[in-house]
Amino acid sequence: MGKTIIISNRLPVQLQIKDGAITATPSVGGLATGMKSVHSGGESLWIGWSGLTNEEIPKKLSPRIDEALAEHGCAKVDLNEDEVEGFYFGFSNRTVWPLFHYFLEYSEFELHNWNTYKAVNQKFADAILESASDDDTIWVHDYQLMLVPQMVRKKRPNIAIGFFLHIPFPSFEIFRTLPWREEILHGLLGADLVGFHIYDYERHFLSSVRRLLGLEVSLNEIYIEERMVKVDSFPMGIDYKKFSSAALAHHKRKETELSQLQRSIANHKKHTPDTKLLLSIDRLDYSKGIAKRLNAFEYFLNKYPEYKEKVRLIILAVPSRSNVPQYRLLKKEIDELVGRINGELSTVNWTPIWYFYRSMPFENLITLYINSDIAWLTPIRDGMNLVAKEYIATRTDKTGVLILSEMAGSANEMNESLLINPNNFEQIADTIYTALNMPKAEQIARNMILQKRLERYNVEKWANDFMHSLQNHQTTSRTNISRKLSDDLMNTMVTTYQKAKKRLLFLDYDGTLKGFHNDPQKASPDKELYDLLDHMSAQKNTDVYLISGRDRDTFTRWFLPKKYNMIVEHGVWISTQGEPFKLLEKVKNDWMTNIRPVLESFVDRTPGSFIEEKDYSLAWHYRNTDPDFGKQRATELTTVLTSLIANDNLSVLSGNKVLEIKNSGINKGRAAQRVLAEDDYDFVFAIGDDWTDEFMFQELPKSTLTVKVGLQKTQAKYFVENTKKVRALLKKFTTN
Ligand code: GDG
């Protein structure tokens with residue numbers, strides 16, 4: 001097992017250069033702590049930007065900085081001012097951040113920022129490639145580095161790569177507005193495992209992959225080229241112990257050991273014992289809804305005036321990205337709001353809002369958590385929100401109320417808190433009232449459940465879960481999926497073909513010999529295909545069968561004059577050497593009159609779908625519908641049909657964007673077996689692309705060379721990527 005390489009925009013160390021002396025101190029952030037178990041000793045390397053631009057690092061100090069970072073298992077990516085501007089402040093924070101948090105109007109689409117983002121992502125990828133060997137595991141973090149997985153994959157096709165997005169992934173309707181949306185998706189799909197905080201983000205991502213790239217998605221697996229990418233949710237936790245023990249230690253502190261902040265709060269509580277404290281802590285970011293919260297607080301005080309002088313809001317806004325104009329404007333807006341509200345409502349004894357615009361030491365953070373009766377967090381959109389979890393962890397006596405926005409990822413796991421919509425002031429005001437009056441017993445009951453969950457699914461568990469899932473993927477994806485038909489394997493197959501005395505080949509048509517077309521009638525054979533089939537059929541001791549779910553009339557028109565052998569309607573009809581079709585199976589079709597109206601009602605309600613009527617089956621095609629909608633309707637239709645056909649010896653077959661209702665027991669596998677029984681073949685070959693072909697792969701003897709077109713779960717032994725490769729293989733069979 002190789003080493004682990006972690007990549008994030010910033011390194012988990014703070015670098016300082018003072019009078020030529022370098023200090024590198026580990027940061028205490030959530031990610032750094034969470035990765036502790038992964039980033040241990042010499043078996044791991046963390047690659048990122050140091051936080052200082054090339055212009056800020058004297059050239060001669062650079063090697064010494066490298067040494068100082070190496071002591072912490074870190075290596076830096078050097079960035080100059082322009083790169084930081086275009087990549088970090090530009091594309092990351094003026095395009096991706098607002099867009100992914102649904103602030104469409106703040107999102108700037110600047111080509112030069114995108115170009116810098118690409119170039120800097122390549123720098124990170126190059127830094128990885130420089131240190132990585134094939135058995136290493138790479139874990140890429142967050143929205144600043146979404147192209148890195150693909151860039152590394154290109155050079156190291158077999159290396160294990162995981163990617164975790166710490167912010168929301170927006171709905172397709174939002175994501176589609178990004179001019180470089182396909183590139184971003186392809187960048188992420190370079191990973192083996194793509195992780196999100198919650199299922200909603202995962203769902204949005206899968207939807208974009210399906211709609212924008214047209215890739216096959218099966219549950220949470222995406223099939224791309226020769227790989228399967230797994231998508232999953234891993235809700236990030238906190239270092240629970242660190243917060244709960246810091247709170248305990250804080251409670252035990254002697255008066256002389258107390259910080260200035262704790263002393264001031266204690267003093268305040270002594271003089272106004274009935275005043276409750278509400279706390280809000282965030283980076284100063286528009287996604288966190290600080291201005292809305294201030295307005296909502298004013299609304300609450302006006303709706304419940306009896307609480308004037310009885311509650312106080314503590315706002316800690318941590319400076320963030322002040323190079324971005326939106327953040328500067330927001331700062332001004334909040335300064336003014338606090339000023340206005342305090343100005344209008346303050347009394348001699350009471351200031352409604354205490355406002356801190358700064359970053360506080362950890363100790364002070366704990367002081368605020370443990371002294372606040374209510375934590376009030378109302379992000380408008382937040383990937384997870386760890387502050388909510390930290391507040392609960394510090395409540396060692398289990399009292400305290402958490403009011404949390406339902407737009408934060410953490411709301412998914414924190415149902416026992418009071419969930420609010422940050423835009424609904426009425427609801428917020430009433431919820432604050434409820435929180436202020438919540439009996440202690442209820443607070444304890446709620447927090448007990450929350451604490452148990454947070455303690456169990458802590459940040460270490462989160463990191464380990466992700467790593468295990470990535471490692472499992474590496475083993476399972478390699479065993480579950482058929483082998484790619486490499487040039488070597490293809491040549492061996494051709495030699496076997498040529499040595500064989502009697503050969504039998506089953507070739508599916510749509511998606512195998514010919515690509516799909518929106519109108520199935522237009523997917524007629526081309527000259528190259530006719531030539532190929534002519535060649536194959538003319539070979540001595542070779543029986544070639546076209547085997548398809550298509551109707552008899554179409555194949556009669558296309559292939560009967562050519563005298564090819566054919567099996568159609570999944571095995572109902574057979575035609576050999578130009579003879580008219582005859583029934584291979586005795587089947588009924590009187591059921592169609594009952595089923596057709598059901599399908600028609602689905603066609604009416606599903607734009608783009610249509611019915612194909614065959615002699616003994618009915619097919620409902622949804623290739624031309626919206627992919628998610630089509631799939632949803634197909635599930636609905638399957639449920640309806642399954643109850644209707646229960647007693648009719650019929651079955652519903654789910655093909656490639658088509659549902660087909662046909663007699664049970666009739667399938668390509670059974671038909672192929674019947675043909676096989678008629679002679680003594682020493683080379684049997686079957687190729688197909690969809691679910692209906694799986695019957696052949698399952699039912700033909702084990703020695704059959706079975707090939708799936710496209711990378712998907714299959715019973716076939718091998719796979720080829722597309723119809724072009726199918727034709728190339730078949731051509732090889734016929735040329736010496
Ligand atoms: C992104 C996503 C996702 C805050 N003020 C101070 C301080 N903090 C610490 C908190 C907490 C962290 O910063 C903030 O984490 P959040 O999760 O709340 O928010 P983001 O920074 O926006 O993080 C977010 C997260 O990534 C993880 O995936 O949850 O949704 O936006 O740990 O304690 N720490 C100190 N002084 C402060 O003044 N020492």
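**Exercise 1.** In this predicted model, determine which residues of H8 meet which residues of H22, and describe how the two helices are oriented.

*Solution.* Step 1: identify the residues in contact. On the side of H8 they are Ser207, Arg210 and Arg211, and on the side of H22 they are Pro627, Asp628 and Lys631.

Step 2: sort these residues by class. The contact of H8 with H22 comprises 4 charged residues, 1 polar and 1 nonpolar.

Step 3: consider the geometry. Helix H8 spans residues 199-213 and helix H22 spans residues 627-644; they pack at an angle of about 110 degrees, and their axes are 9 Å apart. Angles of 65 to 115 degrees count as roughly perpendicular, and therefore H8 is roughly perpendicular to H22.

**Exercise 2.** State how many residues surround the ligand, and which strands and helices each supply at least two residues of the shell.

*Solution.* Step 1: the ligand is surrounded by 21 residues, and the closest are His166, Met360, Asp382, Met384 and Glu390.

Step 2: strands S12 (276-283) and S13 (311-318), together with helices H13 (362-371) and H14 (386-394), each contribute at least two residues to the shell.

Step 3: by class, this shell holds 12 nonpolar, 5 polar and 4 charged residues.

**Exercise 3.** Find how far an oxygen atom of the ligand is from an N or O atom in the side chain of His166 and of His197, and from a backbone N or O atom of Asn385.

*Solution.* Step 1: for the His166 side chain, the distance is 2.6 Å.

Step 2: for the His197 side chain, the distance is 3.0 Å.

Step 3: for the backbone of Asn385, the distance is 2.9 Å.

Step 4: turn to surface area. The ligand taken alone exposes 740 Å², of which the protein buries 80%.

How values were computed:
Residues numbered from 1 in each chain as written. Predicted model: local features only at pLDDT ≥ 70, side-chain atom pairs only at ≥ 80, totals over all residues. Heavy atoms only, no water. Axes fitted to C-alpha atoms, helices over the stretch in contact; angles between N-to-C directions. Helix = DSSP H or I, 4+ residues; strand = E, 2+ residues; numbered from the N terminus. Parallel < 35°, antiparallel > 145°, perpendicular 65-115°, else oblique. Contact = heavy atoms within 4.5 Å. Nonpolar A, V, L, I, M, F, W, Y, C, P; charged D, E, K, R; others polar. Near = heavy atom within 4 Å. Polar contact = N/O pair within 3.5 Å; in protein donor to acceptor, adjacent residues only side chain to side chain. Areas by Shrake-Rupley, 256 points an atom, 1.4 Å probe, with all protein chains shown as cover.
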